[in-house]
Amino acid sequence: VKSLVDALKYNKTLTELYLQRNKIGRTDAKLLAEALLFNNTFTKLELYSNQIGTEGIKSLAEALKYNNTLKILGLYSNQICPDGVKLLAEALAHNNTLTEISLSTPLPRSLLSPSSLSPSSHSLTLSYLPS
């Protein structure tokens, strides 16, 4: 994954990346989060059915605070506990481009109130799919 991420950091053409079922764990998720900080062309990232876990989602959530191009993020079936989902919800307060997220663990309703999301945010579709 490291070689792929190094190339993705400076990618100028690829807009969608499908990495489902690739045994991506927290270390690889951290590398992907780093790519999200540099890359300004991704609009869709599908990471479902991996092993990202709460530690991996922590890195991705931090990157989402600064990424302004990603619109669709697939994270279902990734062993993300409620604490990890909370980190993701908190990151949404800083992101106004993400329009669709798929998860296995629901976001807490209290974190989805209009006041908790970015003032300039638009419609956000949340999908809950079984693990």
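1. Starting with helix 1 (2-9): its buried residues are Val5, Leu8 and Lys9, where buried is under 20% relative accessible area, exposed over 50% and partly exposed in between, with a 1.4 Å probe and protein chains only. Down the helix axis they fall within an arc of 100°, so they line one face of the helix; the arc is taken from the directions from the helix axis to the C-beta atoms. Those buried residues pack against strand 1 and helix 2. Contact here means heavy atoms within 4.5 Å. Helices (H or I, at least four residues) and strands (E, at least two) are DSSP runs, numbered from the N terminus.

2. A word on the model before going on. It is predicted, with pLDDT of at least 70 needed for local features and 80 or more for side-chain atom pairs, while totals for chains, interfaces and linings use all residues. Residues are numbered from 1 along each chain as its sequence is written, and side-chain values use heavy atoms, leaving out hydrogens and water.

3. On to the core. The largest nonpolar core has 30 residues, and Leu47, Leu60, Leu70 and Leu75 have the most contacts inside it. Such a core is a set of buried Ala, Val, Leu, Ile, Met, Phe, Trp, Tyr and Cys residues joined through side-chain atoms within 4.5 Å. Helices 1, 2, 3 and 4 and strand 4 (100-103) each give two or more residues to the largest nonpolar core. Leucine 47 touches, among others, Leu32, Leu60, Leu75 and Asn78, leaving aside residues up to four places away in sequence.

4. The whole structure holds 2 aromatic pairs. Rings of Phe, Tyr and Trp (its six-membered ring) pair if their centres lie within 6.5 Å; planes under 30 degrees apart are stacked, over 60 edge-to-face, the rest tilted. Tyrosine 10 and phenylalanine 38 make a tilted pair, 6.0 Å centre to centre with 55° between the planes. The tyrosine is in the loop between helix 1 and strand 1 (16-18) and the phenylalanine in helix 2 (residues 26-38), so the pair ties together parts 28 residues apart in sequence. Tyrosine 10 is exposed at 56%; phenylalanine 38 is partly exposed at 45%.

5. Tyrosine 48 and tyrosine 76 are stacked, because their ring centres are 4.7 Å apart and their planes at 5°. Tyrosine 48 is buried at 15% relative accessibility.

6. Serine 77 has a positive phi of about 60° without being a glycine, and is buried at 18%. Glutamine 79, in that loop too, also has a positive phi of about 60°, but is exposed at 59%.
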